[in-house]
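Here's a quick briefing to read with the structure open beside you. Take a look at the fold, then we'll walk through it topic by topic.

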Amino acid sequence: MTDLKPCPFCATEPNVEPWHGGPSSKRRVGCENEDCDVQPSVCGDTYEIAARRWNTRKSVVTDEMV
């Protein structure tokens with residue numbers, strides 16, 4: 001299982017959940033932090049695909065934000 005990077009906008013650990021539509025292995029990875037202005041998320045047909053999409057996003061978190 002791939003380790004997930006924190007949210008690129010607020011540095012919170014992401015949530016992983018099954019996602020509707022498509023194969024039963026489909027997963028959503030996303031930020032659930034209510035204080036995050038963006039709360040980004042990505043989906044993939046498998047956990048590995050969703051994790052790769054999440055982890056390859058450009059990070060914008062700076063030391064001042066954490």
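This is a predicted model: local features need pLDDT of at least 70, side-chain atom pairs count only at pLDDT 80 or more; totals for chains, interfaces and linings use all residues.

**Salt bridges**

- Glutamate 17 and arginine 28 pair up through their side chains in a salt bridge, with N to O at 3.2 Å. That pair ties together distant parts of the chain, since glutamate 17 sits in strand β1 and arginine 28 in strand β2, eleven residues apart.
- Arginine 28 also forms a salt bridge with glutamate 32, and here the closest N and O atoms are 2.8 Å apart.
- Put together, Glu17, Arg28 and Glu32 make up a network of salt bridges.
- How covered are these residues? Arginine 28 counts as buried, at 9% relative accessibility.
- Glutamate 17 is partly exposed at 26%, and glutamate 32 is partly exposed too, at 44%.

**Fold and strand pairing**

- Reading from the N terminus, the elements go β-β-β-α.
- Strand β1 (residues 15-18) and strand β2 (residues 27-30) run antiparallel and are joined by four bridges. If you want a landmark, valine 16 has valine 29 in β2 as its bridge partner.
- On to the next pairing: β2 and strand β3 (residues 41-44) are also antiparallel, over four bridges. Here arginine 27 is partnered with glycine 44 in β3.
- In a regular strand, side chains alternate between the two faces of the sheet.

**Cysteines**

- How many disulfides does a search of the whole structure find? The count is zero.
- Cysteine 31 is in no disulfide either, with the sulfur of cysteine 10 as its nearest cysteine sulfur, 3.6 Å away.
- Is cysteine 7 buried or exposed? Cysteine 7 is buried, with a relative accessible area of 1%.
- Cysteine 31 counts as buried as well, at 2% relative accessibility.

**The helix and alanine 50**

- Alanine 50 lies in helix α1 (residues 47-55).
- Is alanine 50 buried or exposed? Its relative accessibility is 0%, so alanine 50 counts as buried.
- Leaving aside residues up to four places away in sequence, alanine 50 touches Arg27, Val29, Val42, Cys43 and Gly44.
- Alanine 50 and threonine 2 are 48 residues apart in sequence, yet their C-alpha atoms are 9.9 Å apart in space.

**Whole-chain numbers**

- Take the contacts between residues at least 6 apart in sequence: 37% of them join residues at least 24 apart.

Terms used:
Residues are numbered from 1 along each chain as its sequence is written. Side-chain values use heavy atoms; hydrogens and water are left out. Two strands pair if DSSP finds at least two bridges between them. Helices (H or I, at least four residues) and strands (E, at least two) are DSSP runs, numbered from the N terminus. A disulfide is a pair of cysteine sulfur atoms within 2.5 Å. Buried means under 20% relative accessible area, exposed over 50%, partly exposed in between (1.4 Å probe, protein chains only). Contact means heavy atoms within 4.5 Å. A salt bridge is a side-chain nitrogen of Lys or Arg within 4 Å of a carboxyl oxygen of Asp or Glu.
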